[in-house]
Amino acid sequence: MNIKPLGDKVVIKKVEAEDKTKSGIVLPGSAKEQPQMAEVVAVGPGGVVEGKEIIMELKVGDKVIFSKYAGTEVKLDGEEYTILRQNDILAVVE
Amino acid sequence: MNIKPLGDKVVIKKVEAEDKTKSGIVLPGSAKEQPQMAEVVAVGPGGVVEGKEIIMELKVGDKVIFSKYAGTEVKLDGEEYTILRQNDILAVVE
Amino acid sequence: MNIKPLGDKVVIKKVEAEDKTKSGIVLPGSAKEQPQMAEVVAVGPGGVVEGKEIIMELKVGDKVIFSKYAGTEVKLDGEEYTILRQNDILAVVE
Amino acid sequence: MNIKPLGDKVVIKKVEAEDKTKSGIVLPGSAKEQPQMAEVVAVGPGGVVEGKEIIMELKVGDKVIFSKYAGTEVKLDGEEYTILRQNDILAVVE
Amino acid sequence: MNIKPLGDKVVIKKVEAEDKTKSGIVLPGSAKEQPQMAEVVAVGPGGVVEGKEIIMELKVGDKVIFSKYAGTEVKLDGEEYTILRQNDILAVVE
Amino acid sequence: MNIKPLGDKVVIKKVEAEDKTKSGIVLPGSAKEQPQMAEVVAVGPGGVVEGKEIIMELKVGDKVIFSKYAGTEVKLDGEEYTILRQNDILAVVE
Amino acid sequence: MNIKPLGDKVVIKKVEAEDKTKSGIVLPGSAKEQPQMAEVVAVGPGGVVEGKEIIMELKVGDKVIFSKYAGTEVKLDGEEYTILRQNDILAVVE
């Protein structure tokens, strides 16, 4: 399935928090920290969005930090994604 | 009946969530996930809406993901539709 | 009485929901669905409204779907009308 | 006393709801419908208000319908007036 | 003490409500109506305020009606003043 | 320590309310009126702030009245300052 | 790990409040004042952000005072950072 975001929207997939503590104990899902890191899966074309010129700075594959409460979670082919505006992406991590 | 949305509005019809689990058990309506996928039924002309230039990126027949709480539900000829602004459409799925 | 809306405002008159169910039983007012369809009775001149250029797309006699909670209800000569901004009209139905 | 509204503001005086029902029974104040019709008493000069160009469409003597909760009520020489922005006037009635 | 408001701000001094009822009974402060009339004491220079061009229409000595809940009350040399934006002044009374 | 506010921000230091009543009784801190007068300690460069052209009207040493609830209080070298936008300064007092 | 903020965003690292009182008593974390001073770790490129031209005034290494409730806290490689818009930075301290 191919997903094409509109305007200044971006599709990201959360990067799972690590499953082990430093001492090697496996943590159940709820004990892991809420992940805020994600990988960009698809990027909208930008252009004039709501009357404002938006230039897309992101590209597919970028590792990003995003605003935890931003965006809409969607499920596609059993996978969870978040769709949010580029402006809710805080930074790219390299 | 022919429906023509104004400005940057779009009419969509929700795509029903699948009625069966993988194991083939038929689920009653309330047990199905809230569908967020829809098909575009009609697209407004765009143009200057509320003082902002809007170019319509969608076309009839597009499969889209939309923001669950956006838009107004309307019933026409016994069918349910949602009318919302193009900007509340998150992505096109192909 | 002649009513002339200002700016981008439109006067509509709700189209009554049908009084009978398919089986022909007459429904009392409260059992009828809240109508969302209306006929345009008067259209403002548009122009620059609140600093934004507004072009009126509607004309008298159009059947429209409107946002249920939008606008102000007014009573003129014993008839009820709703006055709302053109942008709160969702679509024209033909 | 002469009142000159600023910018896009308009002074209106509510037109009293009729005091009698069709059958001629005189209604006390609280039983009368909240009047939404008013007469324009004074009109601001318009111009650039809050950075937006406003052209005044109303003139003194116009009978208008206004948004019930808009504006500020003021008492001048024992008379009650409402001062509101022209944009809160919904329509002119002739 | 000389007070010079910034931008589109205006300093006004409330005009006291009359101290006597028509029958000549002196009212204590709390029984008097909340005054909404004031005299302009100082007027800001206007100009570009928050990116919007503001032309000052008021001058010192104008009697004005203002929006009761607008502005900030300040005490200078034992006197109470209200500082508010010109746009919160509703009308000039002559 | 040297503090340089950004954009349209201004650093002010509250001027203490007088410590004595007219009769000469020394008041404890909590009985004093909340001071709204301050001295400007540092002024940002202005320019285009959030897309709006801002011209700084204030200079260091100005005595100003400010909006009581505006700004952020900060402690530097044991002294308390308030940093706020120039637009939250109401007036200069001379 | 290298972090590159988008648009007008800035990454800062809080400067720890001093661990000792003047008398030399070591304070536990909770007794220390909430730090509002930070060092700039990374600066976005600025440019047109949400339709507004933003010029970045900050550079890496600047000591800044920031608005306590602004921004998003993120943890990278075990270190805590705050990512916020340049406009939520109040002042540079030298």
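**Figure 1. Strand pairing between chain F and chain G.** In this predicted model, β1(F) pairs with strand β9 (residues 89-93) of chain G in the antiparallel sense, over 3 bridges. Two strands are taken to pair if DSSP finds at least two bridges between them; strands (E, at least two residues) and helices (H or I, at least four) are DSSP runs, numbered from the N terminus. Val92(G) is the bridge partner, in β9(G), of Lys4(F). The side chain of Lys4(F) also meets that of Glu94(G) in a salt bridge (3.2 Å, N to O). A salt bridge here is a side-chain nitrogen of Lys or Arg within 4 Å of a carboxyl oxygen of Asp or Glu. Residues are numbered from 1 along each chain as its sequence is written, and chains are lettered from A, ligands numbered from 1, in the order in which they are written. Local features need pLDDT of at least 70, side-chain atom pairs count only at pLDDT 80 or more, and totals for chains, interfaces and linings use all residues, while side-chain values use heavy atoms, with hydrogens and water left out.

**Figure 2. The interface of chain F and chain G.** Chain F has 19 residues in contact (heavy atoms within 4.5 Å) with 19 residues of chain G. The size of an interface is often given as the accessible area lost when the parts come together. Between chain F and chain G the buried area is about 1600 Å², and carbon and sulfur atoms give 55% of that area; buried area is the accessible area (1.4 Å probe) that two parts lose on being put together, summed over both. Leu6(F), Lys9(F) and Glu50(F) supply 38% of what chain F buries against chain G, more than any other three residues.

**Figure 3. Polar pairs and elements on the chain F side.** Across the interface of chain F and chain G there are 3 salt bridges. Also found there are 8 residue pairs in polar contact, both residues at pLDDT 80 or more. A polar contact is a pair of N or O atoms within 3.5 Å; within protein, one must be able to donate a hydrogen and the other to accept it, and residues adjacent in sequence count only if both atoms are side-chain atoms. On the side of chain F that touches chain G, the elements giving two or more residues are β1 (3-5), β4 (47-49) and β7 (72-76) of chain F. β7(F) gives the most to this side, with 5 residues. By class, the side of chain F that touches chain G has 10 nonpolar, 4 polar and 5 charged residues; Ala, Val, Leu, Ile, Met, Phe, Trp, Tyr, Cys and Pro count as nonpolar, Asp, Glu, Lys and Arg as charged, and the others, Gly among them, as polar.

**Figure 4. The contact of chain B with chain A.** Chain B and chain A each bring 19 residues to the contact. They bury about 1600 Å² between them, with 55% from carbon and sulfur atoms. Strand β1 (residues 3-5) of chain A pairs with β9(B) in the antiparallel sense over 3 bridges, and Pro5(A) stands opposite Ala91(B) in β9(B). There are 3 salt bridges between chain B and chain A. Glu94(B) forms a salt bridge with Lys4(A), with the closest N and O atoms 3.1 Å apart. On the side of chain B that touches chain A, β5 (52-54) and β9 (89-93) of chain B are the elements that give two or more residues. β9(B) gives the most to that side, with 5 residues.
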